[in-house]
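Subject: Structure handover

Hello,

Here is the structure I promised you. Please open it next to this email and follow along.

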Amino acid sequence: MDRYDFEKLQRKWKPVWASMGLYRTGTDPDREPFYCLDYFPYPSGAGLSVGHCKNYIPTDVISRKKRMDGYNVLHPMGWDAFGQPAEEYAIKTGTHPSEVTRINTDTYRRQMKLIETSYDWEREINSSDPDYYRWTQYFFILLFDRGLAYQRENDQMWCPSCRIVLSNEEAAGGICWRCNGQVTRKKLTQWFFRITDYADRLLEDLEELDWPEGIKAMQRNWIGKSTGAEVDFAVRNPETGEEYRLPVYTTRLDTIYGATFCVLAPEHPDLERMVTSKQRDRVLEYASAARSRSDLERAAAAEREKTGVFTGCSAVNPFNGEEIPLYVADYVLAGYGTSAIMAVPAHDERDHAFASKYGIPIVEVIAPGGVPQGVSESATVADGQLLNSGRFDGMDSAEARIGMARYAEEMGFGRPDTRYRIRDWLVSRQRYWGAPIPVIHCEKCGAVPDRNLPVLLPEMEDFEPDDSGRSPLARVEEWVSTSCPVCGGPARRDTDTMAGFVCSSWYFLRFASPREDDRPFDPEAVRYWLPVDLYVGGAEHAVMHLIYARFWTKVMYDAGMLDFTEPFAVLKNQGMILGADGQKMSKSKGNVVTPDEMVEKYGVDALRLYILFMGPFEAELEWSEEGIAGTYRFLKRVWTVFTETAGAVTGAEDPDLMAELRYQTARTLKKVTEDIDGFAFNTAVAALMEFVNFLSSSRERAGKAGSLWRESLRRLLVIMAPMTPFMSEELWHRMGFEGDTVFHQPWPYWEEEDLVLDTVEVVVQVRGRIRGRMTVSPEASEDEVRRRALQLDRIVEILDGAEPRRVIVVPGKLVNIIP
């Protein structure tokens with residue numbers, strides 16, 4: 001054989017596999033389906049880095065092995081091309097988003113093919129294609145018809161930098177998910193999906209999922225179910241004598257006798273009614289300033305010092321009839337409860353700080369362990385026995401919360417209540433590059449769905465948004481002006497587009513039958529392939545894409561379109577690959593490593609093997625070019641083993657060698673199989689390396705193993721093939737093994753009896769440091785053990801032709817080589 005030339009192998013086998021349709025989705029009716037899916041990528045202008053390979057190469061290995069296991073495999077790829085990332089890049093470069101999308105998807109596709117991911121490219125989809133987004137619009141109308149899509153004017157989270165409205169999930173912590181800038185608020189009319197109607201199901205069904213516990217915990221926290229009570233305080237305006245009902249939600253009803261003031265959020269819808277004329281200017285000025293700041297800024301400011309303004313009104317505590325002052329304060333956020341709180345400074349740290357600053361009474365009503373703690377300096381937040389609480393004195397907190405809620409309900413001023421942190425999903429965006437919302441606004445008929453789909457996105461050259469909060473589409477008058485589908489009168493199109501996360505909430509269904517013209521998917525194909533068996537991507541979308549896709553799946557189930565309620569049976573999250581400097585790869589840091597440069601230098605197989613070998617799949621790891629150079633050297637070692645033993649002349653058989661070869665082969669098959677299935681790719685590669693080291697140290701005796709040696713090499717190629725496709729295919733054919741391709745071979749398994757061998761493992765050291773391991777017969781002589789140790793490839797590499805000064809053999813345990 002000639003030397004290992006990865007470029008030659010890549011040029012040779014790529015067109016062969018393409019002509020064979022090797023990665024086409026399986027359709028054998030006698031096989032079980034396996035659907036392996038990567039997160040829907042939005043193609044950026046930077047292209048792929050080696051970090052992206054941490055996702056795509058492992059799923060490729062799984063898909064290839066599943067084909068060899070006898071499954072029909074669906075392993076598709078497409079592009080989440082609509083949305084803010086593509087539009088921002090288009091604005092930055094002065095290129096139309098459609099052209100940006102074409103260029104970027106071409107780059108991603110080329111790079112994915114470069115690293116030989118086995119996607120079925122015949123099923124490729126693109127969310128910005130009208131053939132796709134017409135069905136995104138179809139599902140919008142489905143939600144509209146089912147009362148799950150609605151418009152509402154409110155203060156919305158607004159990113160001044162991106163000039164776009166954000167959902168709660170996209171503005172978590174008051175920070176824009178795209179630019180990491182501060183989020184403010186802007187009053188706009190927006191479209192929402194009623195995801196809150198599904199909060200309980202989204203929460204309960206998490207228990208069924210084989211997902212990382214961290215992801216499930218993040219979703220539980222985001223849904224944020226809490227049990228408490230809603231109590232009606234009566235707000236009195238001393239100037240007018242008018243009374244207003246102020247519902248307050250609390251999870252600590254047991255502390256209500258300690259409520260010494262109430263607080264409204266600056267965004268409270270009834271704030272202007274609950275203020276006296278004397279205090280109006282101060283209150284409204286304060287509220288306006290607070291609303292202009294992000295939740296994060298308000299929380300940070302509140303940590304330093306609580307601020308607020310007295311409204312001039314009082315609120316009556318329905319439990320004891322006491323009048324307490326009503327304030328507006330920025331530490332109360334609009335998203336919590338009813339946007340109003342009963343403040344109990346004795347038992348809440350924030351309320352305590354506020355009360356201490358403004359001289360408001362602090363009344364202790366909970367005694368942990370039955371012993372009053374004293375609350376003048378700090379709040380006591382633990383449960384305990386009630387005191388200063390009227391008829392409820394002496395009750396435990398948990399018992400009191402139930403009894404007090406029942407009492408409030410009987411008296412007609414309260415009720416038990418369950419609240420959720422999750423808010424309805426804001427889906428409209430004031431941007432150009434998105435699926436137009438298929439709604440027409442008619443003065444006579446109101447908001448009417450436009451069922452003539454697709455509602456095409458008009459061509460625009462000036463697509464940059466402005467600060468008005470209006471979509472650029474509003475400037476295309478000939479597109480906006482239309483007629484009402486119901487009455488035929490003059491009407492106007494909705495000018496917002498849908499958030500990119502809407503497009504990715506159903507793409508996994510489209511892959512089952514991507515060329516359907518008259519429906520979003522073929523129900524029979526979806527029944528066969530779905531739910532997705534294995535879904536792989538980053539953890540960053542735990543409360544965005546993952547929760548949205550679950551919501552849409554449940555809506556479609558309720559509509560009779562699906563027979564399952566969860567889209568992804570198993571979820572895996574890959575860790576990040578950092579630059580060699582330990583920082584996240586980015587162009588600005590100059591530490592991005594691309595697959596293109598690594599393939600050019602070391603070849604596809606070496607890159608694939610290093611991505612798998614560099615560490616646990618879930619771990620955050622640093623890139624090392626020394627590491628990929630090491631996997632390249634290993635592949636050359638594999639090549640050498642085949643080069644030197646392919647034509648080995650069979651001689652007298654060595655029973656000990658054959659027994660050990662059976663054992664090593666079976667041990668490697670078992671380890672690699674279980675590790676690939678368990679996503680432990682790094683230890684699977686380590687097992688391959690150990691086996692090849694054994695073969696290399698035994699290659700001079702290959703002829704004494706008879707046909708068993710050749711069979712072990714055959715099995716080695718099959719289990720290496722999903723990881724190193726080019727070398728495996730080339731050696732398969734050079735060795736003359738049967739079959740048109742190594743990838744059509746069944747995955748090899750092992751006999752349990754072959755895993756039993758009367759051998760011992762010997763550690764090989766150089767100057768006391770472990771450099772290798774080998775198995776030998778307990779009866780092996782010291783000379784045999786010494787000879788085997790010196791033949792290990794790693795030892796040969798370290799000695800580099802030099803004779804060792806001493807070789808110390810401890811029988812059955814170790815060999816220590818002193819150069």
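Start with a bridge: phenylalanine 193 has tryptophan 425, in strand E17, as its bridge partner. Strands (E, at least two residues) and helices (H or I, at least four) are DSSP runs, numbered from the N terminus.

This is a predicted model: local features need pLDDT of at least 70, side-chain atom pairs count only at pLDDT 80 or more, and totals for chains, interfaces and linings use all residues. Residues are numbered from 1 along each chain as its sequence is written, and side-chain values use heavy atoms, without hydrogens and water.

**The sheet**
Strand E7 (residues 184–193) and E17 pair antiparallel over two bridges. Pairing takes at least two DSSP bridges between two strands. Four strands make an open sheet, in the order E6-E5-E7-E17. Its edge strands are E6 (164–166) and E17 (425–426).

**The cores**
A nonpolar core is a set of buried Ala, Val, Leu, Ile, Met, Phe, Trp, Tyr and Cys residues joined through side-chain atoms within 4.5 Å. Buried means under 20% relative accessible area, exposed over 50%, partly exposed in between (1.4 Å probe, protein chains only). The largest core has 87 residues; Leu607 and Trp623 are among those that touch the most other members. Helix H21 (residues 681–698) gives the largest share, 10 residues. A second, separate core of 83 residues includes Trp425 and Phe511.

**Serine 128**
Serine 128 sits in the loop between strand E4 (125–126) and helix H5 (130–145). Serine 128 is buried, at 14% relative accessible area.

Best wishes
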